[in-house]
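Reader: Got a model open here. Can you walk me through the helix packing and a few residues?

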Amino acid sequence: MQIYIGSDHGGYEMKNSLKDYLVSKGNDVTDLGCFSTDSIDYPDIAREVAEKVTENPGSRGVLICGTGIGMQIAANKIPGIRATVATDEHMAEMSRKHNDANVITLGGRTTEMEMAKKIVDKFLSTDFENEERHVRRVEKMMNMKNGEK
């Protein structure tokens with residue numbers, strides 16, 4: 001699977017560990033930064049990852065900042081993105097099953113590394129339940145971004 005990964009300085013260490021972990025599992029991982037612990041603005045990285053995910057259907061994004069919240073908010077500004085912060089495997093699973101999330105965000109300062117691996121594994125291995133009710137709801141969410149009802 002093609003995965004685009006990025007972080008700010010608060011998620012830098014987790015990003016590097018997750019990148020190595022995902023590559024070891026056979027994924028094609030593209031690191032879009034940041035590349036040091038120097039302070040940067042997380043919206044810049046969120047935009048880069050989100051744009052790559054929308055340009056490459058079927059790909060997924062992983063974003064890490066201090067809590068995952070800022071990355072989630074920023075990524076969701078990009079049309080076509082459904083980003084979710086997840087603090088456990090159940091949240092990751094349901095975001096895929098019911099919301100067809102294509103980007104997951106994590107907290108580098110709030111989530112232990114072993115839990116982060118479990119969350120990302122669940123996110124990447126769970127398919128969207130392509131049931132009419134879920135499709136309808138996802139379409140409604142996406143239309144909201146376009147100002148439609």
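Reader: What hand is the crossing of H4 and H5?
Author: The H4–H5 crossing is right-handed. A crossing counts as right-handed if the near helix is turned clockwise from the far one by less than a right angle, and left-handed if anticlockwise. Helices (H or I, at least four residues) and strands (E, at least two) are DSSP runs, numbered from the N terminus.

Reader: Ground rules before we go on?
Author: This is a predicted model, where local features need pLDDT of at least 70, side-chain atom pairs count only at pLDDT 80 or more, and totals for chains, interfaces and linings use all residues. Residues are numbered from 1 along each chain as its sequence is written, and side-chain values use heavy atoms, with hydrogens and water left out.

Reader: Back to that pair. At what angle do the axes of H4 and H5 cross?
Author: Roughly 20°, and the axes come within 8 Å. So H4 is roughly parallel to H5. Axes are lines fitted to C-alpha atoms, for helices over the stretch in contact, and angles run from 0 to 180 degrees between N-to-C directions. Under 35 degrees is roughly parallel, over 145 roughly antiparallel, 65 to 115 roughly perpendicular, the rest oblique.

Reader: Which residues in H4 and H5 meet?
Author: From H4, Glu89, Ala92, Glu93, Ser95 and Arg96; from H5, Lys118, Ile119, Lys122 and Phe123. Contact means heavy atoms within 4.5 Å. The residues of that contact divide into five charged, three nonpolar and one polar. Charged covers Asp, Glu, Lys and Arg; nonpolar covers Ala, Val, Leu, Ile, Met, Phe, Trp, Tyr, Cys and Pro; the others, Gly among them, are polar.

Reader: Phe123, buried or exposed?
Author: Phe123 is buried, at a relative accessible area of 0%. Buried means under 20%, exposed over 50%, partly exposed in between (1.4 Å probe, protein chains only). Leaving aside neighbours within four places in sequence, Phe123 has contacts that include Arg60, Gly61, Ala101 and Ile104. Its C-alpha is 7.7 Å from that of Glu89, 34 residues apart along the chain.

Reader: And how do H1 and H5 pack?
Author: H1 (residues 12–24) and H5 (residues 113–125) pack at about 50°, axes 11 Å apart. That angle makes H1 oblique to H5. H1 passes H5 in a right-handed crossing. H1 brings Met14, Ser17, Leu18, Tyr21 and Leu22; H5 brings Met113, Ala116, Lys117, Val120, Asp121 and Leu124. Those residues split into eight nonpolar, one polar and two charged.

Reader: Switching to Lys15. What is its relative accessible area?
Author: 0%, so Lys15 is buried. Lys15 is in helix H1. Not counting residues up to four places away in sequence, Lys15 touches Asp31, Gly33, Cys34 and Phe35, among others.

Reader: Which residues does a cis peptide bond join?
Author: Gly33 and Cys34, with omega about 0°. Cys34 lies in the loop between strand S2 (28–31) and helix H2 (42–55).

Reader: Where is Arg82?
Author: In the loop between helix H3 (69–75) and strand S4 (83–85). Arg82 is buried, with a relative accessible area of 16%. A polar atom of the Arg82 side chain lies 2.9 Å from the backbone oxygen of Asp100.

Reader: What is phi of Asp100?
Author: Near 50°, a positive value in a residue other than glycine. Asp100 sits in the loop between helix H4 (89–99) and strand S5 (103–107).

Key
Polar contact = N/O pair within 3.5 Å; in protein donor to acceptor, adjacent residues only side chain to side chain.
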